Amino acid sequence: MNYRKLGKTGLKISEISLGTWQVGGKWGSGFDDEKADKIINTAIDQGVNFIDTADVYEEGLSEKAVGRVVRSRSEEIYVATKCGRQINPHINENYTPEVLTKFVEDSLKRTGLERLDLVQLHCPPTDVYYRPEIFETFDRLKDEGKVRNLGVSVEKIEEAIKAMEYDNVATVQIIFNLFRQRPSELFFTEAKKKDIGIIARVPLASGLLTGKFDSNTHFDKEDHRNFNRNGEAFDKGETFAGVDFEQGLKAVDELKALFPDAKNLAPIALQWILQFQEISCIIPGASKEDHLLSNTSVYDLPPLSAEKIEKMNAIYNKYIKPQVHQRW
């Protein structure tokens, strides 16, 4: 495992870390504590020292699992969680310092930790980024020893750039992958200037970049890859990184031709992300142990050549860029 600095937090974190949206089982399957514990323990065994969760993942069960395992281990493991998406309706007016403070305190109870290493606002409405009192709330929580660092998880680059205007914002979690390349332009430049840690989420475009799907692939009824392809439930960009599924499959077919010996494209897709030194870490999810081991197998591959990277980017430009580049 290799480690990178998480921006101005100063923390040295595993460049392949763990996202826990589906750590207790695949989407919509319910939560399996035993499976979650096994995946998290295996991640730590592989050198992962940064785990990302959220209070809304399986109604807090993900946070409980993360806290339970971290407390049982001797290694120093950094825990990041998120808050705000419990607000219903999820609108700007319902964001208040009091509500967010309670969310953080509830996360502390669920994890059983004395302090959270990173708390991130969880894709709040755009107007929230223009309210200093929301960001100031976390200075008080830091003073009280409940929170170590503040970050944001965003949908749009414009939101990330606005959030970075607040001095206490140390990290930005953003969708970035071979099929979502726009962040590497202005956002990366501005984040580097301000020493912002960048956490790449949805790195495999909801599994599309594994190369294991085809036009006959069936997703369960409760799986967002079935019901949110057009943004019916939440931002469309969260599902397949906003890429039309059939169009994405065409792009993946060309990737397979570019890497004919690869049985699994996932590690190659992660390699592509890691070429960007601005990235602090990637947080691929894992609903079973094999997924986790696939992600960490990135270190078993030879480096991507400049020629391969150029051809990967050409596939993006041909199939994906016209559809998604300016949207997020």
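**Exercise 1.** Work out how helix 1 and helix 2 pack.

*Solution.* Helix 1 (residues 33-45) and helix 2 (residues 61-72) pack at about 50 degrees, their axes 9 Å apart. Helices here are DSSP runs (H or I, at least four residues), numbered from the N terminus; axes are lines fitted to C-alpha atoms over the stretch in contact, and angles run from 0 to 180 degrees between N-to-C directions. Under 35 degrees counts as roughly parallel, over 145 as roughly antiparallel, 65 to 115 as roughly perpendicular and the rest as oblique, so helix 1 and helix 2 are oblique to each other. Next, the contact (heavy atoms within 4.5 Å): helix 1 brings Asp33, Ala36, Asp37, Ile40, Asn41 and Ile44, and helix 2 brings Ala65, Val66, Arg68 and Val69.

A word on the model: it's predicted, so local features need pLDDT of at least 70 and side-chain atom pairs 80 or more, while totals for chains, interfaces and linings use all residues. Residues are numbered from 1 along each chain as its sequence is written, and side-chain values use heavy atoms, leaving out hydrogens and water.

**Exercise 2.** Do likewise for helix 1 and helix 10.

*Solution.* Helix 10 covers residues 289-296, and its angle to helix 1 is about 20 degrees, with the axes 9 Å apart. The pair is therefore roughly parallel. As for who touches whom, Lys38, Ile39, Thr42 and Ala43 of helix 1 meet Glu289, Leu292 and Leu293 of helix 10.

Key: Helices (H or I, at least four residues) and strands (E, at least two) are DSSP runs, numbered from the N terminus.
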